[in-house]
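Load the model, switch to a cartoon view and keep the selection panel at hand. The stops below go from a sheet to a helix and then to the packing between them.

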Amino acid sequence: MSKPMFPETDAEIVPTTPAELKARIDAGESVTLLDTRAESEYETWHIDGPTVRTVNVPYFEFLDGFDADLVADVPTDEPVVVVCAKGKSSEFVAELLADAGYDTSHLEDGMRGWARLYEHTDIELPSGTLVRQYRRPSSGCLAYMIVSEGEAAVVDPLRAFTDRYVAHANDLDASIEYVLDTHIHADHVSGLRDLADATGAAMIIPAAAAARGVVDADAMRTVDGGDTLTVGGATVAVRPTPGHTSGMTTYRVDDHLALTGDTLFLDSVARPDLEDGDEGARAAAEQLYDTLHDRLLTLPEDTLVGPAHFGDAETAREDGAHLATLASVVDRLPLLGVNKETFVDRVLANMPPRPANYQEIIAANLGATTPSVEDAFTMELGPNNCAAGE
């Protein structure tokens, strides 16, 4: 196929799929990436990992041909995967390197393809309930499907993967009865509405989240502390855990698994500035401290914590799941052991940049706007940045 934007080369390149690249990273292989996006795009969001080495050289540097000085930091004795936004400029650069004697491939569909990668792991709770954890490596987003006795509930679904949840429920011979959000998300467009439309499931949101101005709240069922949902033989108990947002809620499954949303991660705690901005961040951080100590750390120490996100530096379990007991989370997070004033100061001092397009994403999740599927996918590209810092 001709590539009118780029000079022709003689090489033929076999692309590396996102799944193949992820499998190499998960296996602990040494992976070298040449990222050809602009420096600002690369700095904002790129593929990382303990064994990943990335060199950033924008593709336009190669338009005049191959220059060994441009890739002086790229090893010549191991395979190199070239990465770009959509898989076009990376193919051209990979061909140039191949002509120069490098062992190259390029990432199929670029970072957009990476963002379409979605994995899952099944966990059986002591009660016998099946919980499927979904993971989006590109952004660290986690979602969950709870399955028991032919019924299912999906927690924190991503709109981009609506078809996946429907297909998996069918494979598990389960009907999706409920679709739940833990809060109004700021980093991805929720699949709450699309999944409910596709399955007839009831939409569940916390009452305090609806109070933020959810346009179609009258079509949803709101829940509050003390409420319980039944999914087959499983129970889902509602526990408000505000701080990240006023409506943040934890869903506790069979007294064994706490789906904590963005309140408590395995390597950090929530950032408190996405609802009321910098002006309300200190009050929200103080509320987060009370939530953690009064409503989460009081749970049995063997409770599994299932957050809505995972960080780049976080190590998954052997089965790939990002889950840990409450006791182990407390052990690895000294921040949970400090006094309130110190906690608040540290949280406010360690906040990363806000998620890209977060205001537009919040508007979509409130139902105030209805972006197309493609526009929604584009809006949420990038890291989640919902944690206060690791």
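Two strands count as paired if DSSP finds at least two bridges between them. Strands (E, at least two residues) and helices (H or I, at least four) are DSSP runs, numbered from the N terminus. The model is predicted, so local features need pLDDT of at least 70 and side-chain atom pairs count only at pLDDT 80 or more, while totals for chains, interfaces and linings use all residues. Residues are numbered from 1 along each chain as its sequence is written, and side-chain values use heavy atoms, with hydrogens and water left out.

**The sheet**

Select β5 through β11. These seven strands form an open sheet in the order β5-β6-β7-β8-β9-β10-β11, with mixed pairing. The edges are β5 (119-124) and β11 (221-223); each has a single partner strand, so one side of each is left without a neighbour in the sheet. Direction ignored, neighbouring strands are turned by 25 degrees against each other on average; the axes are lines fitted to C-alpha atoms, for helices over the stretch in contact, and angles run from 0 to 180 degrees between N-to-C directions.

Now show the side chains of β5. Buried means under 20% relative accessible area, exposed over 50%, and partly exposed in between (1.4 Å probe, protein chains only).

β5 and β6 run antiparallel and are joined by six bridges; Thr 121 has Gln 133 in β6 as its bridge partner. Five residues lie between the strands of this hairpin, where Gly 128 takes a positive phi near 100 degrees.

Move on to β7. Seven bridges join β6 (residues 130-136) to β7, again antiparallel, and Arg 135 stands opposite Leu 142 in β7. In the loop between β7 and β8, select Glu 149. Its phi is near 50 degrees, a positive value in a residue other than glycine, and Glu 149 is exposed, with a relative accessible area of 70%.

**The helices**

Select α6, which lies across β8, β9 and β10 and runs at about 160 degrees to β9. Then select α11 and colour Tyr 358, Ile 361, Ile 362, Ala 364 and Asn 365, its buried residues. They cover an arc of only 160 degrees around the axis, which puts them on the same side of α11; the arc is that of the directions from the helix axis to the C-beta atoms. These buried residues pack against α6 and α12 (373-379), where contact means heavy atoms within 4.5 Å. Just after α11, Gly 367 takes a positive phi of about 85 degrees.

**The core**

A nonpolar core is a set of buried Ala, Val, Leu, Ile, Met, Phe, Trp, Tyr and Cys residues joined through side-chain atoms within 4.5 Å. Which members of the largest one touch the most other members? Of its 35 residues, they are Tyr 118, Met 145, Tyr 165, Ile 176 and Val 214. Elements supplying at least two residues each include α6 (192-199) and α11 (358-365), and β7 gives the most, with four.

Centre on Val 214. Not counting residues up to four places away in sequence, Val 214 touches Ile 184, Arg 193, Ile 205, Ala 209, Met 220 and Leu 366.

Finish with Cys 386, which is buried at 0% relative accessibility. The nearest cysteine sulfur, that of Cys 141, is 7.4 Å away, and Cys 386 is in no disulfide (a pair of cysteine sulfur atoms within 2.5 Å). The structure holds zero disulfides.
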